[in-house]
Amino acid sequence: MELPTGFIAEMREIMPEENVRSLMAGLTSEPSVSIRFNPFKAERESVITSLPSEISGTPVPWSEYGYYLKERPSFTMNPLFHAGCFYVQEASSMFLEQAFRACRFDGPITALDLCAAPGGKSTHLCSLLPRDSLLVSNEIMRNRAAVLNENICKWGADNVVVTNNTPEEVAASGGSFDLILVDAPCSGEGMFRKDETAIKEWNERNVGMCALRQREILETVWPLLEPGGFLIYSTCTFNSFENEENVMWMIEELGAEPIAVPVSDGWNISGAYSRYSIPVSHFFPGTSGGEGFFLALLRKKSERDNRGRVFVPSRISSASGVYREWLKDPDSFVFVEKNGIVTAFPVSVSERMIHLSETLRTVSSGIQVAFQKGREWAPSHALAMSRHLNRDAFPSASLTLQQALDYLHLNAIRLPDSPKGFVVVEYGNVPLGFVKNVGNRANNLYPSGWRIRKDVG
């Protein structure tokens, strides 16, 4: 690996030579592989059992749900991956969990993940948010927003609005948030050992442009933060221009208060290494068990009510149909029929979710439960992915590994022992989706855009 000379010179300006040598060695070492479990879908042990035994590793110390693997398996060929039982995410990014816990929320909140694709941090927040909370997961690029939506859907959350807007459009929506996560577009220095393109595209001018754009984004969304609320700022880069200097800019220009995130000495996480003495966290490849990553937690100065936000129950008229019984707790949802689609919104946040869906360019919101097909309502794939699916509402069929891969490949499968009609197909007791069994065959209802394209044997 030939690193840019300008990058090496920059590192020597901000850290001791010993640290520079350690960083250079780390960038030439093999990247670590890690996954994060979905606590709502599968036990940790069942996911680990689904992986080759020889690659089983150790827990990620700063995440309750993170786990290192000794090597990278073929996740594509693991049905539990497609079912949303775990997410493949580099370990450093899982430090978000510690920053979230440092906020000490003790009631429902409204959160915004501004630069959310492909969905690692949003799905992580789904596992951390208090009950009756709401998450807006936004991505500016349309194609990346589609990937984000797929990952949110597979995670099975019901309290997420996935949007496709610029920061300026989000700011104009009039929303307000208790927590804002800005995982900012950056020069990508922390991804050097995983992405050769990041090395080729690096230059001092691009670093400066990224730092400037990051400030523009932060300045745009800062007014959306509730007084006393928290902003988590992160990048996958090392330089102080995009990291410490931007944090200092927020302190001096926006009045932000830096908050220390507790760390353990054994985690090998570094603090600030520029001329500023502020509480921030740096991860270095080869040292802290992940890729390059930077995180700072900031608070908008003001007293806040520690009881958390109290949501007013929705007054929206709820639709009624056979689909209500497809959720195991239907009275906890408002069902809205629109354009032949039924969506379920949690009662506690339904009004805000519907308002946001009408204000922002929305990709998805709540749980898409059903769609009209001729004279009947057909179950949506999002229903199968939801942790609120009423498993007793449909017959189910347990698939072998080969059958599961065939299903995910959109190949035809046969279920001679299943009744006719809509059937939930499962692998390892986890739903993969629906088929419509017509007797001699089962029509595959897996989303065509999500099908796996590798040879399934």
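This is a predicted model: local features need pLDDT of at least 70, side-chain atom pairs count only at pLDDT 80 or more; totals for chains, interfaces and linings use all residues.
View 1. The element names come from DSSP runs, numbered from the N terminus: helices are H or I runs of at least four residues, and strands are E runs of at least two. Serine 92 has 0% relative accessibility and therefore counts as buried (buried means under 20% relative accessible area, exposed over 50%, and partly exposed in between, with a 1.4 Å probe and protein chains only). Leaving out residues up to four places away in sequence, serine 92 touches Trp62, Phe283, Gly290, Glu291 and Phe293; contact means heavy atoms within 4.5 Å.

**View 2. The open sheet with strand order β2-β3-β1-β4.** Here is a sheet of four strands with antiparallel pairing (two strands pair if DSSP finds at least two bridges between them). Strands of a sheet pair through backbone hydrogen bonds, either parallel or antiparallel. β2 (56-59) and β4 stand at the edges with a single partner strand each, so one side of each has no neighbour in the sheet. On average, neighbouring strands of this sheet are turned by 30° against each other, direction ignored; axes are lines fitted to C-alpha atoms, for helices over the stretch in contact, and angles run from 0 to 180 degrees between N-to-C directions. Look inside the sheet for β1 and β3 (residues 66-69), which run antiparallel and are joined by four bridges. Isoleucine 35 has tyrosine 67 in β3 as its bridge partner.

**View 3. Helix α6, residues 120-128.** Nine of the nine residues of α6 are buried, so the helix is largely enclosed by the rest of the structure. Among these buried residues are Gly120, Lys121, His124 and Leu128.

**View 4. The largest pocket, with a volume of about 1,200 Å³.** A pocket is found on a 1 Å grid over the protein atoms alone, as an open set of points with protein on both sides within 12 Å along at least five of seven lines; lining residues have an atom within 4 Å of a point. Grid points are joined across faces, edges and corners, and the volume is the space filled by probe spheres set on the points. The lining of the largest pocket has 43 residues, of which Ala117, Pro118, Arg144, Asp183 and Cys236 lie nearest its centre. β1 (33-37), β4, α6 and α10 (204-221) each supply at least two lining residues. By class, the lining has 22 nonpolar, 11 polar and 10 charged residues; Ala, Val, Leu, Ile, Met, Phe, Trp, Tyr, Cys and Pro count as nonpolar, Asp, Glu, Lys and Arg as charged, and the others, Gly among them, as polar.

**View 5. The second largest pocket, with a volume of about 820 Å³.** This pocket is lined by 33 residues, with Ile341, Thr343, Ser364, Ser365 and Gln368 nearest its centre. Elements giving two or more residues to the lining include α7 (142-155), β7 (160-163) and β14 (341-346). β15 gives the largest share, four residues. The lining divides into 18 nonpolar, 13 polar and two charged residues.

**View 6. Valine 363 in strand β15.** With a relative accessible area of 37%, valine 363 is partly exposed. Setting aside neighbours within four places in sequence, valine 363 is in contact with Ala145, Asn149, Val162, Thr163 and Asn164.

**View 7. The open sheet with strand order β13-β14-β16-β17.** This sheet has four strands and antiparallel pairing. β13 and β17 (376-379) are at the edges, each with a single partner strand, so one side of each is left without a neighbour in the sheet. The twist averages 30° from one strand to the next. Six bridges join β13 and β14 in the antiparallel sense, and phenylalanine 335 stands opposite alanine 344 in β14. α12 lies across β13 and β14 and runs at about 130° to β14.

**View 8. The hairpin of β16 and β17.** Four bridges pair these strands in the antiparallel sense. Phenylalanine 371 has alanine 378 in β17 as its bridge partner. Two residues lie between the strands, and glycine 374 takes a positive phi near 65°.

Terms used
Residues are numbered from 1 along each chain as its sequence is written. Side-chain values use heavy atoms; hydrogens and water are left out. On a 1 Å grid over the protein atoms alone, a cavity is a set of points where a 1.4 Å probe fits but cannot get out, and a pocket is an open set with protein on both sides within 12 Å along at least five of seven lines; lining residues have an atom within 4 Å of a point.
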